[in-house]
Amino acid sequence: MFDAHFHIFDPRFPLAENDGYLPDLYTIADYRKRMSRFDVRGGAVVSGSFQGTDQTYLKAALAELGAGWVGVTTLDLDASDDDIIELDRIGVRALRFNLKRAAADITGMTLQALRAHELVGWHVEVYIDGQMLASLQPVISKLPALSIDHLGMSDEGLPYLLDLVDRGARVKATGFGRVSMNVADTLRRIHTVNPEALMFGTDLPGTRAGRPFEDSDVDLICDVVGTDMFAVLEDNARAFYRLPAYERATAADPLPTVPLHRTEQPTLPLRRDELPTPVPDDTIPFPIIER
């Protein structure tokens, strides 16, 4: 499993209120304890609105998590090329544009996204309500690589979301407790348009969500996508974050097919000159039927 979307709120690093709200602390130890029942082999630590453009927590988190874990960050618009290259070196792989809970300079963000993609191949992850997708689609459709958080949040923007998916955008199968839509139907429609689009994530700790991640969310995804569950739970995200694919061992057949033991010699083909010659009288012509 690859968790493509979760947050860390470490008490060692600064947090700022957003709309008068400050989240409870949530450390890597808390995350590991919550996910201990799952085989999580990597994931993406995503910068939240409470962390602004602070990079210190993200650097510490990626250093502690190690190989297979990546970061998604929010940058000052005046961040230099060297800043971006250094963050890429430590495992950051994407920019996050929070268009739901923060004022945004869309033009500046777009220029930054194009620059980061050209420098180090980063994509952009957009937190946006579906109702805004229609008005912003002409802008975000110009981004070189894109993913949308939390299924696009609402039904209103689903037609526009599916259009973006058809153009190559990815969608995070996350935050089921914060969306206003039929989750199973939305998953099914996205998966039908592009089986490589959906990327599983827990959205832990689920700050301000109606409910946080539940284990049954994984069951729901598996029920919807069927045999593509490994792609949605891990492979799609690994490819999008430019990580090596996970090589799964092929399970041995517990009851392999065994050839039957022959007690007689197999039938051998006869040579043409060994075929029996028919007696001429054996051939009887059909009678002529007159009309």
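A search of the whole structure, which is a predicted model, turns up 3 cavities of 30 Å³ or more. The largest cavity comes out at about 160 Å³. Its lining takes in 14 residues, and the ones nearest the centre of this cavity are His7, Phe50, Tyr127, Arg178 and Thr207. Sorted by class, the lining of the largest cavity splits into 3 nonpolar, 6 polar and 5 charged residues.

Next comes the second largest cavity, with a volume of about 70 Å³. Here 15 residues make up the lining, with Gly175, Phe176, Thr202, Phe213 and Asp217 sitting nearest the centre. The class count for the second largest cavity reads 7 nonpolar, 5 polar and 3 charged.

Then there are the pockets. The second largest pocket holds about 150 Å³ of space. Around this pocket sit Ile140, Ser141, Leu143, Pro144, Ala145 and Leu146, along with Leu164, Arg167, Gly168 and Ala169. In class terms, the lining of the second largest pocket has 7 nonpolar residues, 2 polar ones and 1 charged one.

On to the helix packing, starting with helix 6 and helix 7. Helix 6 covers residues 158-166 and helix 7 covers residues 183-193; the two pack with their axes 9 Å apart, at an angle of about 30°. Angles under 35 degrees count as roughly parallel, and that makes helix 6 roughly parallel to helix 7. The crossing of helix 6 past helix 7 is right-handed. On the helix 6 side, the contact is made by Leu158, Leu161, Leu162, Val165 and Asp166, while helix 7 brings in Thr186, Arg189, Ile190 and Val193. Counted by class, this contact between helix 6 and helix 7 has 6 nonpolar, 1 polar and 2 charged residues.

Helix 3 (residues 81-89) and helix 4 (residues 106-120) make another pair, with axes that come within 10 Å and cross at roughly 55°. That makes helix 3 oblique to helix 4. As for handedness, the crossing of helix 3 and helix 4 is right-handed. The contact of helix 3 with helix 4 has 5 nonpolar and 3 charged residues, with no polar ones.

What about helix 8 and helix 9? Helix 9 spans residues 229-240 and packs against helix 8 at an angle of about 120°, the axes being 7 Å apart. Helix 8 and helix 9 are therefore oblique to each other. The contact of helix 8 with helix 9 counts 7 nonpolar residues, with no polar and no charged ones.

The peptide bond running from Leu204 to Pro205 is cis, with omega near 5°. Pro205 is found in the loop that links strand 8 (198-200) and helix 8 (216-225). The other detail concerns His150, a residue other than glycine whose phi is positive, near 50°. His150 belongs to the loop between strand 6 (146-148) and helix 6.

Key
Residues are numbered from 1 along each chain as its sequence is written. This is a predicted model: local features need pLDDT of at least 70, side-chain atom pairs count only at pLDDT 80 or more; totals for chains, interfaces and linings use all residues. Side-chain values use heavy atoms; hydrogens and water are left out. Axes are lines fitted to C-alpha atoms, for helices over the stretch in contact, and angles run from 0 to 180 degrees between N-to-C directions. Helices (H or I, at least four residues) and strands (E, at least two) are DSSP runs, numbered from the N terminus. Angles under 35 degrees count as roughly parallel, over 145 as roughly antiparallel, 65 to 115 as roughly perpendicular and the rest as oblique. A crossing is left-handed if the near helix is turned anticlockwise from the far one by less than a right angle, and right-handed if clockwise. Contact means heavy atoms within 4.5 Å. Ala, Val, Leu, Ile, Met, Phe, Trp, Tyr, Cys and Pro count as nonpolar, Asp, Glu, Lys and Arg as charged, and the others, Gly among them, as polar. On a 1 Å grid over the protein atoms alone, a cavity is a set of points where a 1.4 Å probe fits but cannot get out, and a pocket is an open set with protein on both sides within 12 Å along at least five of seven lines; lining residues have an atom within 4 Å of a point. Grid points are joined across faces, edges and corners, and a volume is the space filled by probe spheres set on the points.
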